[in-house]
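Visitor: I am new to this structure. Could you show me how to read some of its features?
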Amino acid sequence: MFPPFPEEKAFDICNQIITGLENGSVKLEQLGKVSDSRGDHGIMIGAALCKDADGRLLILKTVSGISKRLVLASDDESIYVEPIVSAEEIETALKQNDKEIHQLTDEINRLKTARKLETGKYSNITEEERKLVERRKFLCNQSLKNVYELYSFHTALNTVVSLGEICADLLPPTGTGDCCAPKLLDYAFSNRYSVVSMAEVFYGKDTAYRQNGRNYPPCDERCGLILPEILGLNILYRDEEIIVVNKQSGLLSVPGRGPDKQDCIVNRVRLLFPECIEQPSVHRLDMETSGLLVLAFTKDSHRNLQQQFEKKIVQKKYVALIDGILQEESGEMTLYFRLDVENRPHQIWDRENGKEAVTQWKKIGFEKYTAPDGKKRTVTRVEFTPLTGRTHQLRLASADSHGFGKPIIGDTLYGRCEKGERLMLHAQYLSFIHPVTGRQMEFFCPADF
């Protein structure tokens with residue numbers, strides 16, 4: 001995943017730690033027994049430069065995993081961040097099924113050896129052995145769930161979220177939550193610090209995937225699952241001028257009216273990056289729509305991006321699930337809508353007074369959609385390319401009789417949305433020119449439906 005914060009200052013801190021490890025002023029203490037498989041492996045050194053509420057700078061340091069810790073020099077005023085869950089707590093959680101898992105493994109190995117002795121080769125697994133393997137898998141997964149129930153993280157939004165809540169529909173990889181980034185961010189946000197810089201640097205013998213002294217972004221397989229929840233944003237790109245995020249369905253792009261509508265992408269960006277301009281938004285997505293948004297950190301970049309939208313330099317593509325079957329393969333439609341002042345925020349057809357909305361579309365194909373109640377029906381996956389940026393343009397292109405006459409699944413305004421369902425509309429492609437470098441920027445973020 002993309003590094004959520006600038007790395008340069010924290011990278012220097014990590015290298016200072018490595019220098020200390022090499023000259024002996026910093027120690028790397030081994031906690032518990034060293035396993036044969038991981039004894040010679042390296043470790044990630046992590047650091048974060050933070051500001052407290054009074055603007056004072058603080059340095060956080062940590063290492064990946066739970067088996068080692070840094071012993072800092074006596075005059076080091078930085079803060080060492082311990083694991084979120086200790087090795088002892090994990091061992092206790094695993095003990096519940098440990099004995100039976102070992103017994104099952106011994107019996108599985110005995111049956112496997114017996115098959116080899118009997119036939120001279122590993123023949124097909126027996127039914128008895130298959131049941132033992134399934135039982136062992138069940139217990140191993142149960143043990144992992146026991147461990148994951150111990151993990152919870154403080155977020156930038158001043159909330160606490162558990163690993164079980166984040167990964168409700170899947171079993172995350174072993175070690176999720178033990179990387180440097182979640183430790184540093186959990187500690188920072190638990191103390192209401194703002195993060196100025198954060199980096200992770202590999203320390204150890206060079207491998208095919210890691211080089212000693214080189215910084216690496218948070219890993220996709222573990223941190224990619226949990227950091228968006230901890231940060232409150234799924235950051236796909238960030239530099240000093242702009243940030244690109246994947247907005248989740250159900251979150252406003254910009255603040256609404258009233259205190260209950262202040263949680264939005266703009267305010268979450270400004271929370272993580274306090275130096276950001278007050279109004280960084282240059283375009284928006286409906287609350288129920290997910291997908292790519294670009295925001296500006298500076299006034300000059302904001303002005304440049306706005307001009308690109310006005311001149312139609314910016315290109316956007318969406319994907320949607322249409323509740324029905326479309327026979328045509330592609331096309332372009334021009335529709336005219338205006339606000340229904342008696343039924344806000346609905347838009348209604350008005351050929352005379354409405355604003356022109358031009359949309360290109362292409363059918364991707366048919367597929368079976370399973371509703372929250374378990375019922376299945378055939379729907380059409382469509383790619384939309386809006387050539388104008390009108391309110392609810394794609395939702396109306398789908399639902400209105402002048403368009404497809406078939407709403408997007410989960411549309412609360414122009415269709416129907418069952419309990420547990422979301423609007424199946426996602427902004428999956430975004431292209432623009434970087435406001436400072438002049439480089440063409442392209443982002444593709446596939447839908448999760």
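Predicted model: local features only at pLDDT ≥ 70, side-chain atom pairs only at ≥ 80, totals over all residues.

Visitor: What is the order of the strands in the open sheet of four strands?

Guide: Start with the general idea. Strands of a sheet pair through backbone hydrogen bonds, either parallel or antiparallel. Here the order is S5-S3-S2-S8, and the pairing is mixed. Strand S5 (79-80) and strand S8 (194-203) are the edge strands, each pairing on one side only.

Visitor: In which sense do strand S2 and strand S3 pair?

Guide: Strand S2 (residues 43-51) and strand S3 (residues 57-63) are antiparallel, with seven bridges. To find your place, look for Ala 47: Lys 61 in S3 stands opposite.

Visitor: Which strands does helix H1 touch?

Guide: Helix H1 (residues 8-23) packs on the sheet and touches S2, S3 and S8. The direction of H1 makes about 40° with that of S8.

Visitor: How do I check the length of helix H8?

Guide: Count 1.5 Å a residue. The twelve residues of H8 (residues 299-310) should then span 16 Å. The end C-alpha atoms of H8 are 16 Å apart, which agrees.

Visitor: Which residues of H8 are buried, and which are exposed?

Guide: Buried means under 20% relative accessible area, exposed over 50%. Ser 301, His 302, Leu 305, Gln 308 and Phe 309 are buried. Seen down the axis of H8, the buried residues fall within an arc of 125°, so they line one face of the helix. On the other side, Lys 299, Asp 300 and Glu 310 are exposed.

Visitor: What covers the buried residues of H8?

Guide: The cover includes strand S10 (242-247), strand S11 (290-296), strand S12 (315-322) and strand S17 (425-433). Just after H8, notice Lys 312, with a positive phi of about 60°.

Visitor: Where is Glu 352, and is it buried or exposed?

Guide: Glu 352 lies in the loop between strand S14 (347-349) and strand S15 (355-370). Glu 352 has 70% relative accessibility, so it counts as exposed. Glu 418 is 66 residues from Glu 352 in sequence and 35 Å away in space, C-alpha to C-alpha.

Technical notes. Residues numbered from 1 in each chain as written. Heavy atoms only, no water. Pairing = 2+ DSSP bridges. Helix = DSSP H or I, 4+ residues; strand = E, 2+ residues; numbered from the N terminus. Contact = heavy atoms within 4.5 Å. Axes fitted to C-alpha atoms, helices over the stretch in contact; angles between N-to-C directions. Buried < 20%, exposed > 50% of the residue type's maximum accessible area, 1.4 Å probe, protein only. Expected span 1.5 Å × (residues − 1). Arc of directions from axis to C-beta.
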